[in-house]
Amino acid sequence: MRKILIIGATSAIAQATAKLFAEKHHALFLVGRDADKLETIAADLKVRGAHQVDYTALDLNEFDKHDSMLEQANTSLEGLDTILIAHGILDDQKAGEQDYTKAEQALRTNFLSVVSLLTPIANRFEKQRYGCIAVISSVAGDRGRQSNYIYATAKGALTIFLQGLRNRLQSANICVLTIKPGFVDTPMTANFKKGALWAKPEAIARGIYRAIENRKNTVYLPGFWWLIMMIIRHIPEPIFKRMKL
Amino acid sequence: MPNSYQSWGRFPKVSQNVHPVRWRKKPLTLPDTNSVLPYGLGRSYGDVCLNDGGTLLATRNLNHFIDFDKETGLLRCEAGVSLAEILELCLPQGWFLPTTPGTKFVTVGGAIANDVHGKNHHRAGTYGRHILQFELLRSNGERLLCTPTSNEQYYAATISGLGLTGLITWAEIQLKRVYHRAMHSESIQFTDLEEFFDISAQSEQDYEYTMAWVDCSSQNAGRGIFFCGNHITEEEIPAKWQTPSRTHTMPFDLPGFVLNQWSVSAFNWAYYKKQRQKSIKKLTDYDPFFYPLDAILQWNRLYGKQGFLQYQFVVPYEDHKIIKDILQTIAASGLSSFLAVLKTFGDLVSPGMLSFPRKGVTLALDFPIKGASTFELLERLDDMVREAKGVVYPCKDARLSARNFQAYYPQWTEFSKYIDPRFSSRFLRRVTE
């Protein structure tokens, strides 16, 4: 049985992934901003078969509370061996271009808060010499483009941070998984026009579940995004900078 | 507007805003002016799930279970949970839906709002009979706990209320004990309607589930195959069981001309002749037994881009002749239907105010839309049904006249007192104009 901490547990992808863990009778601790939502999800996961579900409500922008939250999760589940970090915001690119404080806020939520969480988690796992750290980054972080480069900067930085962490924790037998979803049909993207490239959160969740079980390093979800991003990464900059992406 | 929000018949095509509802405990956020209508999985055939010019409250994210008692089979869940999800959770623990329509891809809220029925109507009645309580969220923010004894008018109006009385946030359902996913099934050929009624009377004694496929495309209109089944008992649990898992997706819209009088006749002929013996008994998995069409995802694309009309009515049992007349009218029109389903309803009364099922015999038909002649035929059938003191099923309708609707359901004036002032649908506007 895994003892899983899910951060950003009310997101559509996290919920769908938690269901898969619940069906396999794992124990879960959920963290999100809204206690009502967490209670709804916790009850659902219990009915679906989770061995145990607890939760705490926390605004993850309050970095100084990260440590006590981790302690609470650890006490509640009597140990931790799997972390899924799924929180994030899709910031308003145009607003961030005009107002640095907005860009800073997006970087804090999407990147720095994860660093703040992973620092004590990594140290804990390094000491216990087992565990899996899975973090949702994004295909957006593979290359900066005008339509969302503040979001992409946070996700790109996150991807690089995880590369380094993976390298460091390799010798301690800790798995560090970078998850790069493409377009996902979630409430975060409710106002986007959807096309053939869009995937359901349930499909992404199955990919995350498999990647955690198989101790993967990096996964693109769905897998075809690997090819798309490979092409996008290889477009020469003199051409790329003229493109409207 | 995302084109995924249509009705199952894909007619009419309308445009509306979509607003997802995610959390049952949060207040409803409503648009400033126009009306709203809950929309689950869009399996209603006609326009009871459409709200042109208004907003759809997409309920699919209200898909959390709340509580399940393995000992008593009492399930409480949000209204956007699908029947497929309930089966996935509960069947391995020995519990089955109290009654189920011919597809499991409907939400609990949709099943209540249309007061759906299944092959066991003669034993179990409609879905609404098994809903012990639910919460109704009104546009003014009021939350009504509806049971047969509290807020009972809203309970009665919401079951079969076509989503118009407010948003159902969660419901409590009494499931039914079963021992395994395997079913005893029997299929029996019949050559005419007289034989259908004989078999029906007989098998309702022996079988919990009954229905028939009937050919209505040729001179042989009235012949068909009768299907019946029972869940197996505890003693009969097989040691090994192969669960069918294959589904196919209809990958494209079939061009409209493919389904015509001749191809449908050929299909019906082959379907009837496929069974070589008079009667076949075997063990069947519940999935193909209850949901043969669910194996082909998006089967509605068979009818092409222009969509199709579904027509279901019930007429009092005494009157076999009207069924024969209607089948002959359809056969004579040359507008064929290849998914015609015939069943007798029992006399168990639904708590739902506008509920469709009632004692009698019901026939459900699919019609590809071939212009005005299709609509004229159905209007002729409407009148025949009305004269026979029968009613047509709103859940499947996209073209019924206000005059006929109000004749079928005189209780609609009483019902309309419970309609939420901010809720509306294309169907409502059409039949109350």
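This passage describes the contact between two chains of a predicted model, and then selected sites within each chain.

The model is predicted, so local features need pLDDT of at least 70 and side-chain atom pairs count only at pLDDT 80 or more, while totals for chains, interfaces and linings use all residues. Residues are numbered from 1 along each chain as its sequence is written, chains are lettered from A and ligands numbered from 1 in the order in which they are written, and side-chain values use heavy atoms, with hydrogens and water left out.

The interface was examined first. Chain B brings 14 residues to the contact, and chain A brings 16 residues. Contact here means heavy atoms within 4.5 Å. About 1,400 Å² is buried between chain B and chain A. Buried area is the accessible area (1.4 Å probe) that two parts lose on being put together, summed over both. Carbon and sulfur atoms give 55% of the area buried between the two chains. In chain B, the residues that lose the most area to chain A are B:W23, B:K25 and B:F65. Together they make up 39% of what that side buries.

The rule finds 3 salt bridges between chain B and chain A. A salt bridge is a side-chain nitrogen of Lys or Arg within 4 Å of a carboxyl oxygen of Asp or Glu. Side chains of opposite charge can pair when their charged atoms come close. A:D36 and B:K26 meet in a salt bridge, at 3.7 Å from N to O. On the side of chain B that touches chain A, strand β4 (residues 65-69) of chain B gives the largest share, 4 residues. Helices (H or I, at least four residues) and strands (E, at least two) are DSSP runs, numbered from the N terminus. This side of chain B divides into 6 nonpolar, 2 polar and 6 charged residues. Ala, Val, Leu, Ile, Met, Phe, Trp, Tyr, Cys and Pro count as nonpolar, Asp, Glu, Lys and Arg as charged, and the others, Gly among them, as polar.

Salt bridges were then searched for throughout the structure. Over all chains, 40 were found. In chain A, the side chains of A:R48 and A:E23 meet in one of 4.0 Å, N to O. A:R48 lies in the loop between α2 (35-47) and β3 (52-57) of chain A, and A:E23 lies in helix α1 (residues 12-23) of chain A, so the pair ties together parts 25 residues apart in sequence. A:R48 counts as buried at 11% relative accessibility. A:E23 counts as partly exposed at 36%. Buried means under 20% relative accessible area, exposed over 50%, and partly exposed in between (1.4 Å probe, protein chains only).

In chain B, B:D397 forms a salt bridge with B:R430, with the closest N and O atoms 2.9 Å apart. B:D397 sits in the loop between β20 (391-392) and α10 (402-408) of chain B and B:R430 in helix α12 (residues 426-431) of chain B, so the pair ties together parts 33 residues apart in sequence. B:D397 is buried at 2% relative accessibility, and B:R430 is buried at 13%. Salt bridges that share partners join B:D47, B:D382, B:D397, B:R399, B:R426 and B:R430 into one network.

Two further buried residues were examined. B:N300 is found in the loop between β16 (296-297) and β17 (308-315) of chain B. Its relative accessible area is 6%. A polar atom of the side chain of B:N300 lies 2.9 Å from the backbone oxygen of B:W8. Beyond its neighbours within four places in sequence, B:N300 is in contact with B:W8, B:R10 and B:F308. A:K155 is in helix α6 (residues 149-169) of chain A. A:K155 counts as buried, at 3% relative accessibility. Its C-alpha atom is separated by 6.0 Å from that of A:S138, 17 residues apart along the chain.

Conventions: Polar contact = N/O pair within 3.5 Å; in protein donor to acceptor, adjacent residues only side chain to side chain.
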